[in-house]
Amino acid sequence: MFKKSFVMLATAALTLMACASAPPASAPRANANLIESHLVFLADDLLEGRDTGSRGHEIASRYIAQQLQALGLQGGAADGSFYQRVPMRKAQLVPGSAVLSFTLAGETVALSYPQQFFTGPNLQHTDLALQGEMVFVGYGLVSDTFGLNDYATLDVAGKVVVMLAGLPASLPSEERAYLGSMKTEFAAERGAIGILTLHTPEQEKTRPYANSLLFLNTPAMSWLDDDGNVGRGFPQIKGGAYLHPDAAKSLFNHAEQPLETIFAALAEDKIPSGFALPGTMQLTSKTQHQAIDSPNVLAVLPGSDPLLKQEYVVLTAHSDHIGLSNDLRTDDKVNNGAMDNAAGVAILLETARLFAALPEAPKRSILFAAVTGEEKGLLGADYFAKQPPVPVTQLVANVNLDMPVLLYPFADLIAFGANHSTLGDVVARAAAKEGIALSADPMPEQAIFTRSDHYRLVQQGVPAVFLMTGFTSKDPAQDGGKIWGSFFAKHYHKPSDDIASLTKEYGAIRYDAGAVFTDINFNIALDVANSPQKPLWRADSFFKQVFGRADNSEPAVK
């Protein structure tokens, strides 16, 4: 009895001593099995590719919301729920309805569709009738930074602008992408009513005219504001079309310069000046409109600091994919989107679990957003950025996850946009904790920083980074760059972006790599959430100059 009591007392004492000297609990770590369970569900055939507005995407959104609610997070929408419903319009061109003609020197010539021109569905008008005089505007660009103003001496009010496809090769890639996205806005600001875009020999080298014809029957989509207006539209731009260069030559026959002279200037990377074109154009078409909606799923972990909790670190990943395939070459019709972007959402959900497991919430609040309509033009992200549940000035940073390729044990990480704000330093620290290097953008010519959901928040002045697995593998037997390139060439936006096909080709889905990715994502957000200073745009960043605000930008370099 005594011996037993002594043993019990000694054991208890040792236990107390051990507890007294034990180190504090470590930070939570990502669980590869949980990432796998999320990814397997979201990439299942039953969700039929999670197309925007589809039942499959609604099921995915319900799953994401319930997972976030189960973690004890609060609904992040303005009404306190987990759903920010995004009203949308889906538009489909009526076959055979598009007619384009030119009246030149008293003679009217009709162009053949789609050999000489094509046009898309019109999001604003079901019955389009566009007619007007024409003005050639070169590339149609305006930029004080680069000394460009293709409209400087031109009057385009009430007229149709005729512009060259593409952009000058001399411009830096990200800035080129930004200016390319602004062409319609530049024309609208100057009163144009329509846009004709000319295919060029330079464009033919990279994007052949014939390739565009593969997408003729693709619907267009946009989100709608409270008054039912197209969210990113310009009402005075009634419509437009894309011209084959052979069909466009006649427009320049009696103009200031023939089209051949303009194309010759492009070959020398010269920017042609604009001038009025003789004659008029007429474009008619019919479009069918359909009203749909689709949810952004939003959840919040409130911050612990009385003041800083009013600021939010936003973590995003898009939950939609491209739905069912029309490819007659295969019996597999489901575009599962395992890597694009079930993987990103799975990591987002696991990141949310790590935050929920903290003994105390970070100082700033964390807003998790699984956004819809990325594949349709960043629609859900744009709606969220334009109508956020809190004032946009309270969103201090965005970390976006889109298509992490979990097919090899990555040794480096790419953070698109890391050079534009102090978020780059945060990413480097978080990656280093996991023994992962931060690499420079390996594809600067692709301007990827402007091509995913975070960019819509950037346009509202929010510093952001877009995380992607790097091209270096920890396994010397695997070439990460080749695997990434192989995935992009063979499986991106195809039914074979599914677990079975990827496992068969690459051996396994690396959920363990997903766990490393999650831990980095978590530590980036945790660092920002607890730092006294919110992220700042770099003084020399082009995007700071265009979108930055005084409250979140470094002072200009003197």
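## Terms and basis

A residue is buried if its relative accessible area is under 20%, exposed if over 50%, and partly exposed in between (1.4 Å probe, protein chains only). The model is predicted: local features need pLDDT of at least 70, side-chain atom pairs count only at pLDDT 80 or more, and totals for chains, interfaces and linings use all residues. Residues are numbered from 1 along each chain as its sequence is written, and side-chain values use heavy atoms, with hydrogens and water left out.

## Aromatic pairs

Rings of Phe, Tyr and Trp (its six-membered ring) pair if their centres lie within 6.5 Å; planes under 30 degrees apart count as stacked, over 60 as edge-to-face and the rest as tilted. The whole structure contains 24 aromatic pairs. One of them is the stacked pair of phenylalanine 118 and tyrosine 242, with 5.1 Å centre to centre and 20° between the planes. This pair links distant parts of the chain, 124 residues apart: phenylalanine 118 lies in strand E5 (residues 117-118) and tyrosine 242 in strand E12 (residues 239-243). Helices (H or I, at least four residues) and strands (E, at least two) are DSSP runs, numbered from the N terminus. Phenylalanine 118 and tyrosine 242 are both buried.

Phenylalanine 542 and phenylalanine 543 form an edge-to-face pair, at 5.6 Å centre to centre and 80° between the planes. Phenylalanine 542 counts as buried because its relative accessibility is 6%; for phenylalanine 543, also buried, the relative accessible area is 0%.

## Helix H4

Tyr178 is one of the buried residues of helix H4 (residues 173-181), along with Glu174, Glu175 and Leu179. They span an arc of only 135° around the axis, so they lie on the same side of H4; the arc is that of the directions from the helix axis to the C-beta atoms.

The buried residues of H4 pack against strands E7 (142-143) and E8 (148-149) and against helices H5 (183-189), H13 (454-458) and H17 (542-547). Contact here means heavy atoms within 4.5 Å.

## Helix H10

Helix H10 (residues 338-356) has 19 residues and reaches 25 Å from its first C-alpha to its last, close to the expected 27 Å. The expected span is 1.5 Å times one less than the number of residues. H10 is mostly covered, with 17 of its 19 residues buried.

Strand E3 (residues 99-104) pairs with strand E4 (residues 107-110) in the antiparallel sense over four bridges; pairing requires at least two bridges found by DSSP. Phenylalanine 102 has valine 109 in E4 as its bridge partner. Two residues lie between the strands of this hairpin, in which alanine 105 takes a positive phi near 50°.
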